[in-house]
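Trainee: I would like to learn how to read this model, one feature at a time. Where do we begin?

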Amino acid sequence: MIKLTARTSERIAKVFILSIAVLIMGILIWIIGDILLNGIPHINFSFLSQMPRNMGREGGIFPTIVGTLMLTVLAILIAVPFGVGAAYYLAEYTKGGIVTRIIRFGAESLAGIPSIVYGIFGVLLFVEILGLGFSIISGALTVSIMILPTIIRTSEEALLAVPKIYRDASFSLGATKWQTIRCAVTPTAIRGIVNGVILGVGRCVAETAAVMLTMGGNVLAVPSSISSSGRTMAVHFYILAQEGVMQNAYTTAAILIILIFIINIGTNAVIDQFISKRTKGAR
Amino acid sequence: MSGNTANKIEIKNFNFYYGNKHVIKDLNLSIRANQITSIFGPANSGATTLLRAMNRLSDLEPSTRSTGQILIDGQDINDPKVNVTDLRRKVGKVFEIPAPLPLSIYDNVTYGLKFLPGKKKQEILDTMEWALKTAALWDEVKDRLHDPALGLSGGQQQRLCVARVLALKPEVIIIDRSCSGLDPISTSKIEESLIKLKKDFTVIISPHNIAQASRVSDRIAFILMGELVEENEALQILKFPKDQRTSDFITGRFG
């Protein structure tokens with residue numbers, strides 16, 4: 001066996017880790033670069049604002065933008081109260097007993113299920129049994145179940161990462177449990193909780209299989225309400241790519257990526273504003 | 001020493017357990033009003049646990065239990081009738097590590113006040129100013145009350161934590177391992193304010209070294225492995241300890 005000196009093994013480790021980092025970044029830049037280079041030159045106002053013609057071969061993608069936004073907003077509105085609420089329950093109100101472990105195990109199992117299974121479940125429960133039909137609300141309910149585990153786990157970890165000393169300090173200043181959670185724990189954990197929500201948003205925007213099954217992706221009209229059918233950009237992209245309409249698929253994908261960037265940056269800016277306000281004590 | 005010998009706190013046959021670990025063993029101790037009492041012992045002596053039990057912060061830890069009594073003004077603090085948030089306002093606590101909340105300086109000092117109903121804005125401002133002055137921090141922060149508290153130096157943060165407790169006008173102030181890891185200037189500022197504070201408060205500290213205990217304490221209780229070894233006037237303990245273990249500790253033979 002070859003015995004390496006500490007110096008050599010240090011160097012090998014460094015080179016190894018660096019090359020992995022370069023490889024991963026390279027792949028990421030390649031994919032995103034390819035999409036943006038091919039897509040951005042074709043983004044213009046009429047592509048964003050026009051109806052698709054000839055099943056998306058010509059015209060714009062306006063209805064799919066509306067569909068994506070409606071689905072995402074609705075799914076987040078449904079998932080965040082339950083997900084963040086469950087995280088607070090797990091992190092603050094249980095003491096690591098059997099109930100906690102069952103909930104945690106359940107959440108982890110949910111995260112591992114393929115999205116097509118959620119899609120079938122959504123069709124059975126929301127579309128058929130609850131009679132919501134192929135609609136944006138059915139899609140949003142299905143996707144909100146999918147993003148619950150992400151939101152629960154990320155928020156729970158953010159809450160558990162709040163140093164114990166903050167809770168002790170708050171309690172010893174005469175705060176009740178709820179006041180401690182509201183005034184000492186939440187301001188510290190808010191960034192992590194929001195990160196969980198952003199991950200959820202990303203999944204809503206990108207989800208294809210489950211959405212296609214539950215939202216009735218064949219309709220290419222602007223959805224008039226949450227009970228109309230609709231198509232999201234991700235579904236539209238999938239169908240276009242499958243039918244070989246590559247240019248419009250690229251353009252749609254580029255817009256999708258830019259939208260996710262905007263959501264991430266926008267949310268972080270809002271949170272920064274919120275946090276700096278709190279630390280400045282302005283009311 | 002001070003002529004006032006009224007007992008503020010009486011600890012009677014107190015035992016404390018973490019699970020099966022018996023960390024405080026049948027402890028009896030009286031703490032006098034308007035004095036500085038040092039509860040003193042090496043690491044893991046049980047001093048920190050005892051201080052946590054005095055405002056029932058120990059309630060927050062799972063699988064702990066206690067027997068015996070801690071009486072404050074004759075009232076058992078573990079009595080079901082006692083409102084625990086009122087108790088914690090009455091028995092303020094400063095932690096070993098300065099722990100300002102990630103809020104502004106102003107919000108930290110007024111943190112406890114905002115949970116008390118019916119406080120007027122001016123009253124809160126006056127209390128905040130008084131608390132910061134008493135903790136010898138006002139001059140350093142008066143122009144930047146709305147800056148984040150985490151931007152202060154370690155010594156300033158520790159004084160902020162003292163001010164935050166003072167703002168609630170407690171009757172007893174507990175300072176755990178006070179000033180460990182602070183620079184000498186901050187330490188002497190905190191010690192000066194402690195000596196001023198004892199006029200109006202009962203102060204309990206767990207000093208982080210013998211020199212500090214000798215500078216500020218009126219009385220010293222020496223605790224080892226959860227047992228009270230001896231308790232007496234500071235000078236008696238430091239100069240003429242009755243127990244061999246106390247004198248071994250003071251002369252630096254262990255700990």
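Mentor: With confidence. pLDDT is the predictor's confidence in each residue, from 0 to 100. Chain B averages a pLDDT of 87, and 96% of its residues score at least 70. This is a predicted model, in which local features need pLDDT of at least 70 and side-chain atom pairs count only at pLDDT 80 or more, while totals for chains, interfaces and linings use all residues. Residues are numbered from 1 along each chain as written, chains are lettered from A and ligands numbered from 1 in the order written, and side-chain values use heavy atoms, without hydrogens and water.

Trainee: Which elements of chain B have the lowest and the highest mean pLDDT?

Mentor: Elements first: helices (H or I, at least four residues) and strands (E, at least two) are DSSP runs, numbered from the N terminus. In chain B, helix H7 (residues 184-197) has the lowest mean pLDDT, 82. Helix H3 (residues 105-109) of chain B has the highest, 93. Where pLDDT is low, the predicted coordinates should not be read in detail. The model as a whole scores ipTM 0.86 and pTM 0.81.

Trainee: How do I read strand pairing? In which sense do E1(B) and E2(B) pair?

Mentor: Two strands pair if DSSP finds at least two bridges between them. Strand E1 (residues 7-18) and strand E2 (residues 21-32) of chain B are antiparallel, with eight bridges. Phe16(B) has Ile24(B) in E2(B) as its bridge partner. Two residues lie between the strands of this hairpin, where Gly19(B) takes a positive phi near 60 degrees.

Trainee: What other strand pairs with E1(B)?

Mentor: Strand E4 (residues 64-72) of chain B, also antiparallel, over eight bridges. There, Glu10(B) stands opposite Leu71(B) in E4(B). In a regular strand the side chains alternate between the two faces of the sheet.

Trainee: Now charges. How many salt bridges does the structure hold over all chains?

Mentor: A salt bridge is a side-chain nitrogen of Lys or Arg within 4 Å of a carboxyl oxygen of Asp or Glu. Over all chains there are 24. Take Glu243(A) and Arg57(A), whose closest N and O atoms are 3.2 Å apart. Glu243(A) lies in the loop between helices H10 (233-242) and H11 (246-280) of chain A, and Arg57(A) in the loop between strands E1 (52-53) and E2 (58-59) of chain A, so the pair ties together parts 186 residues apart in sequence.

Trainee: What about the pair Asp86(B) and Arg89(B)?

Mentor: Their side chains meet in a salt bridge of 3.2 Å, N to O. Asp86(B) and Arg89(B) are three residues apart in helix H2 (residues 84-90) of chain B, so about one helical turn separates them. Asp86(B) is partly exposed at 42%, whereas Arg89(B) is buried at 14%.

Trainee: Which residues are linked in a network of salt bridges?

Mentor: Arg104(A), Glu108(A), Arg153(A), Glu156(A) and Glu157(A).

How values were computed. Buried means under 20% relative accessible area, exposed over 50%, partly exposed in between (1.4 Å probe, protein chains only).
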